[in-house]
Amino acid sequence: MTLTPEHRSLLMRSNRLLGATLVESNLVKIENLEAANERLLELIGGGDYRRSSVLAILAYELHVLNEFDVIHHVMDEHGTGLVDLRSYDVPEEVRAITELGACRATWTVPFDCEEEVYFVATAYYLSPAVRAYWEKTLGGLIVWYCTSLEMLADYMDKIEASKGASPASANS
């Protein structure tokens, strides 16, 4: 799966604003963010959207940030919940509204809906661009939850498989 120009722009904005908030929250140093941004541009330039995450680069390539420290920070400072997506099947009404390009660009997935209240899991809550995008897209009340990049990637693969595409052959 390749990203549309709109989703690619969203990916860049989401990562840029997440990085800025991580620095403002004293979770990473500016020089670490600069190195992560350089690596991010390499990945995007090569079309590797599946790994195009400043959070993943900081945590798992540069080892200057613990992803779970970010999750705890978001839960403590912003009052979000924590969700384990492994036990969720993809409801049909959620699958119908889910654009995988937007999910991959924002590291965010809607995972349930009850009477126009959407339950959304994200690793990018600290990015204002991500919250604004999903609030506009879903148009209803959102209950935000944090989750890990790994769980999001697995859940997106599950959505992709349920839509009939093969995650192994996808380019995203």
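Tutor: What follows is a set of questions about the labels given to parts of this structure, which is a predicted model.

Student: How do you know that the structure holds zero disulfides?

Tutor: A disulfide needs two cysteine sulfur atoms within 2.5 Å. The sulfur of Cys103 has its closest cysteine sulfur in Cys113, at 14 Å, which is too far for a bond, and for the sulfur of Cys113 the closest cysteine sulfur is in turn that of Cys103, again at 14 Å. The count of disulfides is therefore zero.

Student: Why are Cys103 and Cys113 both called buried?

Tutor: The label buried is given under 20% relative accessible area. Cys103 has 0% relative accessibility, so it counts as buried, and Cys113, with a relative accessible area of 17%, also falls under the 20% limit and is buried.

Student: How do you know that the span of helix 8 agrees with its number of residues?

Tutor: Helix 8 runs over residues 149-162, which is 14 residues, and at 1.5 Å a residue it should span 20 Å. The C-alpha atoms at its ends are 20 Å apart, so the two values agree.

Student: Which residues of helix 8 are buried, and what do they pack against?

Tutor: The buried residues are Leu149, Met151, Leu152, Ala153, Tyr155, Met156, Ile159 and Glu160. They pack against helix 3, helix 4, helix 6, strand 2 and strand 3. As background to such a list, an α-helix has 3.6 residues a turn, so residues three or four places apart point the same way.

Student: What makes up the largest pocket, and how much space lies in it?

Tutor: About 310 Å³ of space lies in the largest pocket. It is lined by 16 residues, and those closest to its centre are Ala56, Tyr60, Glu67, Leu149 and Glu150. Helix 3, helix 4 and helix 8 each supply at least two residues of this lining, which by class has seven nonpolar, two polar and seven charged residues.

Student: What makes the other space a cavity, and which residues line it?

Tutor: A cavity is a set of points where a 1.4 Å probe fits but cannot get out, whereas a pocket is an open set. The search of the whole structure finds one cavity of 30 Å³ or more, and the largest cavity has a volume of about 50 Å³. Its lining consists of Leu55, Glu67, Val70, Ile71, Val74, Thr122, Ala123, Tyr124, Tyr125, Cys146 and Thr147. Helix 4 gives the most to this lining, with four residues, and the classes are eight nonpolar, two polar and one charged.

Student: Why is Trp144 called buried, and what does Trp144 touch?

Tutor: Trp144, found in strand 4, has a relative accessible area of 11%, which is under 20%, and so it is buried. Leaving out residues up to four places away in sequence, Trp144 touches Thr80, Gly81, Thr108, Val120, Thr122, Tyr125, Val130, Arg131, Trp134 and Glu135. The C-alpha atoms of Trp144 and Ala121 are separated by 6.1 Å, although these residues are 23 residues apart along the chain.

Student: What makes the phi values of His63 and Glu115 worth a remark?

Tutor: Most residues other than glycine have a negative phi. Phi of His63 is near 55°, a positive value, and phi of Glu115 is near 45°, also positive. His63 lies in the loop between helix 3 and helix 4, while Glu115 is in the loop between strand 2 and strand 3. Exposed means over 50% relative accessible area, so His63 at 60% counts as exposed, as does Glu115 at 78%.

Conventions: Residues are numbered from 1 along each chain as its sequence is written. This is a predicted model: local features need pLDDT of at least 70, side-chain atom pairs count only at pLDDT 80 or more; totals for chains, interfaces and linings use all residues. Side-chain values use heavy atoms; hydrogens and water are left out. Buried means under 20% relative accessible area, exposed over 50%, partly exposed in between (1.4 Å probe, protein chains only). The expected span of a helix is 1.5 Å times one less than its number of residues. Contact means heavy atoms within 4.5 Å. On a 1 Å grid over the protein atoms alone, a cavity is a set of points where a 1.4 Å probe fits but cannot get out, and a pocket is an open set with protein on both sides within 12 Å along at least five of seven lines; lining residues have an atom within 4 Å of a point. Grid points are joined across faces, edges and corners, and a volume is the space filled by probe spheres set on the points. Ala, Val, Leu, Ile, Met, Phe, Trp, Tyr, Cys and Pro count as nonpolar, Asp, Glu, Lys and Arg as charged, and the others, Gly among them, as polar.
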